[in-house]
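Let's walk through this structure together, starting with a pair of packed helices and moving on to charged side chains.

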Amino acid sequence: MYLIYMNIRAKKIAGAVNRTLSKRSSTPPCPGMILPKSLMSWFLLIADAAKSPICEITDPMAQAAVQLIKGFSSSVIRIPKISAYMAPSKAETELVLTAVVGMIGIEPTLAAIAAGKDIALANKESLCCAGHLIMPAAREKGVKILPVDSEHSAIFQCLQGNGGNKIRRLLLTASGGPFRGYTKEQLAKVSPAQALRHPNWAMGKKITIDSSTMANKGLELMEARWLFDVAPENIEVVVQPQSVIHSMVEYEDGSVLAQLGTPDMRLPIQYALYYPERRFLEGERLDFFKLKNLHFEEADTEVFEALALARRAICCGGSMPTVFNAANEYAVALFLEEKIQYPDICRLIRTAMDRHRNIPTPSLQDILHTKEEVEACLSECL
């Protein structure tokens with residue numbers, strides 16, 4: 001296998017993977033280089049196709065993956081769609097990191113599970129839309145699903161060694177995004193440039209917009225429901241503006257375990273790649289004397305309606321989470337192109353959900369068809 005990754009926003013992730021992988025090779029990798037086959041037999045990345053590729057890969061052994069974490073690179077390599085489904089079945093692959101943007105990650109993830117490969121999951125849409133298909137398949141094959149998102153990694157770390165003790169609730173933390181404290185009137189004037197300025201995290205455009213609307217936290221709620229088999233009503237969102245507490249687990253005896261650290265994606269990535277081993281990671285350490293205090297708030301779901309709509313979707317179940325996700329993807333793309341206003345993102349999501357006839361137990365084809373229906377519906381609404 002080969003891994004090729006590019007620059008720009010991938011630098012944040014590339015640094016982590018460079019340091020991680022260099023321990024397995026005498027020649028440290030660098031952005032843009034092709035890693036040797038012997039090294040890349042360790043794990044494989046699945047990537048999406050790109051509309052404007054930097055280059056074309058024709059070597060079938062190199063048609064693997066490029067994008068390290070969704071949205072982190074604005075330039076990726078064109079990869080034939082079929083390679084995304086063929087690659088996970090390679091015998092030498094041990095771990096598949098799924099890091100594509102959107103629902104396209106569902107089929108490669110299912111293919112990797114069918115081949116018995118452990119999954120490092122950075123594509124939350126896979127579980128949001130098809131968690132009822134992916135998690136049973138993983139259990140049947142004995143496949144580990146290792147979360148890469150910082151919040152889910154935090155919960156996963158808090159659950160290590162819990163001895164089967166009952167969980168009372170999961171506490172997903174959120175920074176609140178760039179518009180924490182805004183009114184609806186203020187949000188009506190938000191531009192794409194403003195929404196792309198996250199106070200704590202450096203991310204791709206789509207996930208940054210999702211963070212500003214709190215749709216991303218809604219998707220994380222859906223993902224947590226499937227990853228940890230916890231009912232939606234037992235998952236709570238807590239705004240923690242400093243992004244120091246990455247999430248928490250409360251047990252039935254009242255004990256709350258939290259995972260703390262600087263806002264650095266390298267840690268959850270490395271933890272997933274080396275699980276269950278912890279390795280030294282260079283970088284800034286949390287200084288409690290400089291921190292001095294931690295601040296918490298309740299999420300304002302009246303102003304940030306996307307979070308309320310996401311909770312409604314996961315409580316409805318069936319195909320409704322797919323509707324939420326597809327409508328959000330469609331609306332965010334339009335907003336970034338300045339074809340709709342900021343409040344229209346939630347308006348379009350709500351419209352799509354209101355018009356959808358829910359499918360209680362959707363098949364993969366139902367999920368893909370629902371996405372097409374949502375896009376057709378919303379195109380008529382514009």
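Helices (H or I, at least four residues) and strands (E, at least two) are DSSP runs, numbered from the N terminus. Axes are lines fitted to C-alpha atoms, for helices over the stretch in contact, and angles run from 0 to 180 degrees between N-to-C directions. What you see is a predicted model, where local features need pLDDT of at least 70 and side-chain atom pairs count only at pLDDT 80 or more, while totals for chains, interfaces and linings use all residues. Residues are numbered from 1 along each chain as its sequence is written, and side-chain values use heavy atoms, leaving out hydrogens and water.

Look at helix 14 (residues 320–336) and helix 15 (residues 344–355): they pack at an angle of about 150 degrees, with axes 8 Å apart. Residues in contact (heavy atoms within 4.5 Å) include Phe 324 and Ala 327 of helix 14 and Leu 348 and Ile 349 of helix 15.

The side chains of Glu 151 and Lys 217 form a salt bridge of 3.0 Å. Glu 151 lies in helix 6 (residues 150–158) and Lys 217 in helix 10 (residues 215–227), so this pair ties together parts 66 residues apart in sequence. Across the whole structure, a search finds 17 salt bridges.

Terms used
Salt bridge = Lys/Arg side-chain N within 4 Å of Asp/Glu carboxyl O.
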